[in-house]
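Biologist: I would like to learn how to read a protein model step by step. Could you take me through one?

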Amino acid sequence: MTDPAVELRGLRKAYLVGHLRRRPHAVLHDLDLTVERGEVFGYLGPNGSGKTTTMKILAGLLRADAGTVSVLGRPLGDPAWRHRVGFLPEHPYFYDYLTPREYLDYAGRLFGIPSAERKARSDQLLEQVGLARYGGVAMRRFSKGMLQRLGLAQAMINLPELVFLDEPMSGLDPIGRRMVRDVIAGLKERGATVFFSTHILSDAESLCDRVALLREGRLVKTGRLDEILSAGDHHLEVLVAGIGAPVAESLPGAVGARAIGERWRVELPRGVPLGPVAHAVEAAGGRVLAVQPVRQSLEDYFVSQVDPSREGRKWPLAD
């Protein structure tokens, strides 16, 4: 159990694009990544950054052009790890004439799970993902969100040690998103490793032990959120009342001021002394209501690192 859950070294992948003149388009560039056992790892990046390609390589659905991959301490080509892993693709497809119970029974058979255990586990998973009422309904009647829930259930039918989830929140309403967060938290609680990609940064911020930011097939940053965000620009927000715009905008060290009703929210760079600010507010007949440090959000950091429009770049072609 000392080996990482996932280890990628020098991973490369390119697709041929174009119609008349086919040319390779690199999607992953010498990707090095390690996911430790028992952690929830968020894989973040804009559309076309290579997240789904990475997931498909890890699931054995694509072959990398170069590099090495190990899963649960085994080489990617060794089938011994596959029964210990669950996978939810970004766009799950199911036989629409089957019911959820029939499909989970089928998935359980593939893993060699005994009949009684398959039934008990299927019922438990359908209850967990909120589909217990629809266990006997043909899936052709299901919405995208309901199919996403079923996809999550099938990814857990074998009680996996490692779960790959590609955009697990896709198509889900707020209740469904909360359910997925609870499922991920439950997997971590029982010691499983979760590797998931998402565009919903608030979910990543609340769930992940570590994250990796991917841009155009290259890692921008990997690490714990507190470490990554501590490198961002922090500032203080001072909430004041009883002053007008000229005073608010000219407070010592202020780099911004915004009116909120009859109050002002004044932004100060970290390190600016608060004493002169408080004195200036009081001298103008106002009062300081609150002072709070503001940490850079994951969304702010994400946009600053991967938004191509900030550097005049174009979006890549495909994920």
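Predicted model: local features only at pLDDT ≥ 70, side-chain atom pairs only at ≥ 80, totals over all residues.

Biologist: What helices and strands does the protein have, and how many of its 319 residues count as buried, as a percentage?

Modeller: The protein has 10 helices and 14 strands. Of its 319 residues, 44% count as buried. The protein exposes about 16,300 Å², and carbon and sulfur atoms supply 51% of that area.

Biologist: What percentage of the contacts between residues at least 6 apart in sequence join residues at least 24 apart?

Modeller: For contacts of that kind, the share is 69%.

Biologist: Let us turn to the sheets. In what order do the strands of the open sheet of 4 strands come?

Modeller: The order is β2-β1-β4-β5, and the pairing is antiparallel. β2 (23-35) and β5 (74-75) stand at the edges with a single partner strand each, so one side of each has no neighbour in the sheet.

Biologist: How many bridges hold the pairs β1 with β2 and β4 with β5?

Modeller: β1 and β2 pair over 9 bridges in the antiparallel sense, with Leu16 opposite Pro24 in β2. Strand β4 (residues 66-71) and β5 are also antiparallel, and 2 bridges join them. There, Val71 has Arg74 of β5 as its bridge partner.

Biologist: What should I look at in the hairpin of β1 and β2?

Modeller: Look at the turn: 5 residues lie between the strands, and Gly18 takes a positive phi near 100°.

Biologist: Which strands does helix α1 lie across?

Modeller: An α-helix has 3.6 residues a turn, so residues three or four places apart point the same way. In this model, helix α1 (residues 51-58) lies across β1 (6-17), β2 and β4, running at about 115° to β1. α1 is mostly covered, with 7 of its 8 residues buried. Among them are Lys51, Met55, Ile57 and Leu58.

Biologist: Lys13 is found in strand β1. Is Lys13 buried or exposed?

Modeller: Check its relative accessibility against the cut-off, where under 20% means buried. Lys13 has 12%, so Lys13 counts as buried. Leaving out residues up to four places away in sequence, Lys13 touches several residues, including His25, Val27 and Leu28. Its contacts also include Thr53 and Ile57, which are both buried residues of α1. The C-alpha atoms of Lys13 and Asp30 are 8.8 Å apart, with the two residues 17 places apart along the chain.

Biologist: What is the order of the open sheet of 6 strands?

Modeller: Read across, the order is β6-β7-β8-β3-β9-β10, and the pairing is mixed. β6 and β10 (218-224) are at the edges, each with a single partner strand, so one side of each is left without a neighbour in the sheet. From one strand to the next, the twist averages 15°.

Biologist: In which sense do β7 and β8 run?

Modeller: Strand β7 (residues 162-166) and strand β8 (residues 193-197) run parallel, joined by 5 bridges. One example to find on screen is Phe164, whose bridge partner in β8 is Phe195. Helix α4 packs on this sheet and touches β6 and β7, its direction making about 170° with that of β6. Helix α5 (residues 174-189) lies across β3 (40-44), β7 and β8, at about 150° to β8.

Biologist: Where does Thr99 lie, and what is it in contact with?

Modeller: Thr99 lies in the loop between β6 and α2. With a relative accessible area of 11%, Thr99 is buried. Beyond its neighbours within four places in sequence, Thr99 is in contact with Gly135, Gly136, Val137, Ala138 and Met139.

Biologist: Which residues lie nearest the centre of the largest pocket?

Modeller: Of the 21 lining residues, Phe87, Tyr103, Leu110, Phe111 and Gln154 lie nearest its centre. β6 (85-88), α2 (100-110) and α4 (144-155) each supply at least two residues of the lining. α2 gives the most, with 4 residues.

Definitions and conventions
Residues numbered from 1 in each chain as written. Heavy atoms only, no water. Buried < 20%, exposed > 50% of the residue type's maximum accessible area, 1.4 Å probe, protein only. Contact = heavy atoms within 4.5 Å. Areas by Shrake-Rupley, 256 points an atom, 1.4 Å probe, with all protein chains shown as cover. Pairing = 2+ DSSP bridges. Axes fitted to C-alpha atoms, helices over the stretch in contact; angles between N-to-C directions. 1 Å grid on protein atoms, 1.4 Å probe; cavity = no way out; pocket = protein on both sides within 12 Å on 5 of 7 lines; lining within 4 Å.
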